[in-house]
Amino acid sequence: MNRLITLLTDFGFEDNFVGIIKGVIMQVNPEAITVDISHKVRPHDIFAAAFLLEGAYKYFPKGSIHAVVVDPGVGTERNIILVKTRDYFFIAPDNGVLGLALKNEPVEKIVEVTNSKYFLRDLSCTFHGRDIIAPVAAFLSKGAGLNRFGKEIRYMREIALPPLVREPNRIIGKIIYIDSFGNIITNVKGLDIKGISANLRVKIKDKIIAGLNKSYASVEKNSPLNLINSFGYLEISVNCARAKDFFGVEIGECVELLK
Amino acid sequence: MNRLITLLTDFGFEDNFVGIIKGVIMQVNPEAITVDISHKVRPHDIFAAAFLLEGAYKYFPKGSIHAVVVDPGVGTERNIILVKTRDYFFIAPDNGVLGLALKNEPVEKIVEVTNSKYFLRDLSCTFHGRDIIAPVAAFLSKGAGLNRFGKEIRYMREIALPPLVREPNRIIGKIIYIDSFGNIITNVKGLDIKGISANLRVKIKDKIIAGLNKSYASVEKNSPLNLINSFGYLEISVNCARAKDFFGVEIGECVELLK
Amino acid sequence: MNRLITLLTDFGFEDNFVGIIKGVIMQVNPEAITVDISHKVRPHDIFAAAFLLEGAYKYFPKGSIHAVVVDPGVGTERNIILVKTRDYFFIAPDNGVLGLALKNEPVEKIVEVTNSKYFLRDLSCTFHGRDIIAPVAAFLSKGAGLNRFGKEIRYMREIALPPLVREPNRIIGKIIYIDSFGNIITNVKGLDIKGISANLRVKIKDKIIAGLNKSYASVEKNSPLNLINSFGYLEISVNCARAKDFFGVEIGECVELLK
């Protein structure tokens, strides 16, 4: 049995959408347990959801089912897919949202979810989270085999980190995420700076932050620092303050690693 | 056993109120399972809570107990009521908040909750969600009969959708809710436009939106559209954007269906 | 067995942090049940977390484990401590965050959490909530004895309410918290005004609010009132409106009780 179903959506908490999804799951499998990864993904932001899923999925028990509903194309021709890896199941619209997580997780099977026997009877075109993804995840949590839900397919949409630009005297990276503390997360990973971490200098806007720290409080309050964060990414922070506001940056802007 | 208790409040997440309610429930019935419908109802907004409850309650397993705490009159003479329908239980202040859900759900019994044996001992006048509704819901989830909690009564307060105004060449409706994506929900239901849906023209502010679409992505990005949403209401949306901001409207404003 | 683990953090809901903590707990103990007290503590605000914990902890079943992650010093020399009282367990950084709750709760044992056998293997310096507090709480919920996690210690950091200033003709208190309804909570407790509650006059900014009410709705809408709230604190409110905005006050400002 795979009782645990995680939920990752852009539904927010103002409405009843998340509660309804949990209700549908429990109608199908009263033993299911749901855990929220996040429901505050920026609306329609597939990359942000992919990033949050990548950071979270492997902290859940093996056999967990990860359900993602960030779905700007709901009701159109885009597929809903079910993916099995060695340790987990994933269900999501086929829009790339699984792309970052599945970079690290060999895929064993992809199924296009089409068997309406497992859907809610009155299928809407605007809330497939409720009508398709929730009941399919719940039937899966009761042990239904993947083949029950549709045909196996071989490809799904991909998504990737924006690539680093490597120049002779610098590496150019990008801000890919800003967390709720205002910490700035880049597409630079710990491995990327292996040679230069001792003398690391990160240029962000017109400021240069030198060195690589281990913890936020290793610098004075309100001072900036670089660290490899707990997910393996280069993060630019300000101790006890919001780096985003300190530097005045947004997702998508560049940072430079000076050699 | 009715282990599942849903919670719908205007308590938000900043404070400890929701957690406390769950703690009280689990003290009484460690087997109870709580699911949040929403806690971000606009403070004291009974209609919004009624609307969210109507949309959500029937997606939960039969026997579920729906507890609502949107209660501007807490500590005054207003009653707390327990309602049994064929499939569900409801507990809430008697302020109309159950009115929309119970339009569709034949009521079998209404009880005025007065038996303080089932309340917390130190009863406050400001937090009946904690002191009355949570423990009563939890005792109910353990199988206590409705009569234990107080006397049967025959009436409760009602609430209703604002009525449509039908004129020879138009129907005038109202915006009753705006969801977290900025979608505009009206008091017009699918049935109300049965004859005219093919040629539907909706006037909102000074703009006219023609046609009835099935999904958000069936129009260009940032283009407006009409659809019957997944709860059966006429919704005015903008693909991948916030219709509320696009049109600059608020709850309570009128929309016109031109014939 | 102590299956119930409460969580109180400043992580917010935008990111995946809270979900990850729950995943780690369930990897260690699939039978654990987590309940959120709040995740919207103002970032790094140890006092606010202490206040929310004090109000909430005792509404949970005996044996519950209260895990707090408000931890501006994460990754520095500060300890993580495990505290056993007669009825509960607490785990938190040793930064005073348990101080208000433990004023009322005789401490039986304090342990400095050092045994890395119970930590995640790849220990970060920035997310001890995931790497230490979550797994330790989960092993504790499976019945592991306190001694397994580290050595007993005798002291932990304290925190206290700001003291009242008692003058001949007035008591000067402070605003210590403002809840999500905008209600103003002070450091004055019910006992502090026992002699004067009949003639209570509270001065806040330049306004004087007279009397002590029992419920919000006992005054007209948009009128201010004093009450002893459901946690025993003097609260200044405005019926159906935000007292914070009505008076234009912030946490830390003074209020005067005139005699």
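These are my notes on what I looked up in this structure.

**Ground rules.** I am working with a predicted model, where local features need pLDDT of at least 70, side-chain atom pairs count only at pLDDT 80 or more, and totals for chains, interfaces and linings use all residues. Residues are numbered from 1 along each chain as its sequence is written, while chains are lettered from A and ligands numbered from 1 in the order in which they are written.

**Chains B and C.** I checked how these copies relate, superposing by least squares on the C-alpha atoms of residues with pLDDT of at least 70 in both. A rotation of 120° with 0.0 Å of shift along its axis puts chain B on chain C, with an RMSD of 0.0 Å. The two copies are thus related as by a three-fold rotation axis.

Next I looked at contacts (C-beta atoms, placed from the backbone, within 7 Å). Chain B brings 25 residues and chain C brings 26 residues. H1(B) gives the most to chain B's side, with 7 residues. I sorted that side by class and got 10 nonpolar, 11 polar and 4 charged residues. Here Ala, Val, Leu, Ile, Met, Phe, Trp, Tyr, Cys and Pro count as nonpolar, Asp, Glu, Lys and Arg as charged, and the others, Gly among them, as polar.

**Helix H2 of chain C.** Helices (H or I, at least four residues) and strands (E, at least two) are DSSP runs, numbered from the N terminus. I call a residue buried if 20 or more other C-beta atoms lie within 10 Å of its own, exposed if 12 or fewer, and partly exposed in between, with C-beta atoms placed from the backbone. In H2 (residues 46-56) of chain C, 11 of the 11 residues are buried, so the helix is largely enclosed by the rest of the structure. Among them I noted C:Phe47, C:Phe51 and C:Glu54. The buried residues pack against helix H1 (17-28) of chain B, and also against parts of chain C including strand E1 (4-9) and strand E9 (170-178).

**Helix H1 of chain A.** I found 12 of its 12 residues buried, including A:Lys22 and A:Met26. Its cover includes helix H4 (128-141) of chain A and helix H2 (46-56) of chain B.

**C:Ile208.** I found this residue in strand E12 (residues 207-210) of chain C. C:Ile208 is exposed, with 12 other C-beta atoms within 10 Å. Leaving out residues up to four places away in sequence, it touches C:Arg201, C:Val202 and C:Lys203. I also looked up C:Glu77, 131 residues apart from C:Ile208 along the chain: their C-alpha atoms are separated by 47 Å.

Note on methods:
Contact = placed C-beta atoms within 7 Å.
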